[in-house]
Amino acid sequence: MTPRRTSLPLRTAAIPAAMALTTALAFLPTTATALGRDGHAAASAAADGPSLSYVVNTRPGQDPSRIRKAIAQAGGTVVISYDRIGVIVVHSANPDFAKTVRTVRGVSSAGNTRTAPLPAQSTDDIDAPKLLSEKERQAVAAKATAGQDPLEPLQWDLPAIKADKAHEKSLGSRNVTVGVIDTGVDDTHPDLAPNFDRKASVNCVTGKPDTTDGAWRPSAEESPHGTHVAGEIAAAKNGIGVTGVAPGVKVSGIKVSTTGGSFYTEAVVCGFVWAAEHGVDVTNNSYYTDPWYFNCTTDPDQKALVEAVRRASSYAERKGVVNVAAAGNENYDLTSDTIVDPSSPNDGTPSDREVDPRVCLDIPTQLPGVVTVASTGAKGLKSSFSNYGLGVIDIAAPGGDSTAYQKPEPPATSGLIYNTLPGGKYGYMAGTSMASPHVAGVAALIKSTHPHASAARVKALLKAEADGIACPTDYDIDGDGTVDAVCEGGKRYNGFYGAGLADALDAVQK
């Protein structure tokens, strides 16, 4: 199968070819039945199509049993019903299932979560992140100063947000947990094992929680993405390898990605609900929900996906969870009149489609209440790939960039982000996928400092404590004489950096 290297939903950026030669990356992104007068399907529907997955969203105050009966009569099988948010996950081979169920009294919306039949497609190949040789690791460790972990000299991103200074005051609280909603977390990694929260970890891939021991781990064939993200947040300061932004807090693995690298709505809904009900304080979401990069609320199927994920993320926030998400890696202006999306549906046959980002949303990134994070490079500029937009971007953090564009100060050598990989390894990745966990880590430090703060209060402090960055006069990141993006707004709030660069030091002392 041809790898879908540019359509995987991870928020990990593809860096220019010259850089890719020296540093391999994980790439981005995976006939109606008649109804009776009571609103129920009059007869069981024939299963005459491929089995697909659906979400059915009910209106408040409805009797779930009555709607489940209608779902069965329309040819659906309920996988799980999240009655507290009115979202039901269903499998059906009836090609008109969604169309039929939308007419049932009490149903707000219903839609197909994918265009490919169940089960998920075969594994996509990804390039392995660059690993350092033992000789290189020893050379780096020799440069570590007192108080640094051996590989911390490569982490230019920590001083960029003053995390190194913050660690002198606090590493964060063991009472705070950050849930990594992602491809899975290898909790056996020596930098993650000390801080791993097993009780808050789960496999949500089917839309139904699986708490089998280790179900949250990625297999050898799956992306290392979630493990890298987890390390950026909470790799322990234990003298072994790297250090996280909040090395004293706990981290959990909430696996929502199929083996093929796809993040479907039912899994994402499960992930947010799980976080809400299992003591998670912050979630990191470095992905977009498959198979549509932008879900248009003018389309009945896509509208249902937006509604389901919105309900789940809002439920988590009402339970006190701060939801942080990556802005995306296409250098899109998310406030423009139109955007050409060439990658959707990424589990079928994608084609160019023109979307209006005001009604076609990247979820969960553009949902209300979610903290949307843009990426910066080693020189503090917006990363060449990072999406942007005044009023969309809330805050910025290091996500890396091509070393040719933004080279770090020594002893760091790469403009990418260095952190944990499965199997006790370490490597480089870049993208808004890497920026978002820096903010999630700072949010965890704020929660540690203010243990009784609501989600709204933590988000307000994130922005208030951020270091404002003014728009660049001319943003020509590759130096070819052409402006690559236009920044709008002032120093305290603009389309490239939102409220500014996240500040870990303020998070532990204000």
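**Close-up views of a predicted model**

C487 is buried, at a relative accessible area of 16%, because buried means under 20%. The legends below describe a predicted model.

**View 1. The disulfide of C471 and C487.** The two sulfur atoms are 2.1 Å apart. C471 and C487 both lie in the loop between α11 (455–465) and α12 (504–509), so the pair ties together parts 16 residues apart in sequence. The torsion about the S-S bond is about -60°, so this disulfide is left-handed.

**View 2. The disulfide of C204 and C270.** The S to S distance is 2.1 Å. C204 sits in the loop between β6 (202–203) and α7 (225–234), and C270 in helix α8 (residues 265–277), so the bond ties together parts 66 residues apart in sequence. C204 and C270 are both buried. The S-S torsion is about -60°, so the disulfide is left-handed.

**View 3. The disulfide of C296 and C360.** Here S to S is 2.1 Å. C296 belongs to strand β9 (residues 295–296) and C360 to strand β13 (residues 360–361), so the pair ties together parts 64 residues apart in sequence. Both cysteines, C296 and C360, are buried. A torsion of about 105° about the S-S bond makes this disulfide right-handed.

**View 4. The disulfide pattern.** The whole structure holds 3 disulfides. Counting bonded cysteines along the chain, the pattern is 1-2, 3-4, 5-6.

**View 5. The largest pocket.** Its space is about 490 Å³. Of its 29 lining residues, Q155, W156, L158, P159 and A160 are closest to the centre. Helices α5 (157–160) and α6 (163–167) each supply at least two lining residues. The lining has 13 nonpolar, 8 polar and 8 charged residues.

Technical notes: Residues are numbered from 1 along each chain as its sequence is written. This is a predicted model: local features need pLDDT of at least 70, side-chain atom pairs count only at pLDDT 80 or more; totals for chains, interfaces and linings use all residues. Side-chain values use heavy atoms; hydrogens and water are left out. On a 1 Å grid over the protein atoms alone, a cavity is a set of points where a 1.4 Å probe fits but cannot get out, and a pocket is an open set with protein on both sides within 12 Å along at least five of seven lines; lining residues have an atom within 4 Å of a point. Grid points are joined across faces, edges and corners, and a volume is the space filled by probe spheres set on the points. Helices (H or I, at least four residues) and strands (E, at least two) are DSSP runs, numbered from the N terminus. Ala, Val, Leu, Ile, Met, Phe, Trp, Tyr, Cys and Pro count as nonpolar, Asp, Glu, Lys and Arg as charged, and the others, Gly among them, as polar. A disulfide is a pair of cysteine sulfur atoms within 2.5 Å. Buried means under 20% relative accessible area, exposed over 50%, partly exposed in between (1.4 Å probe, protein chains only).
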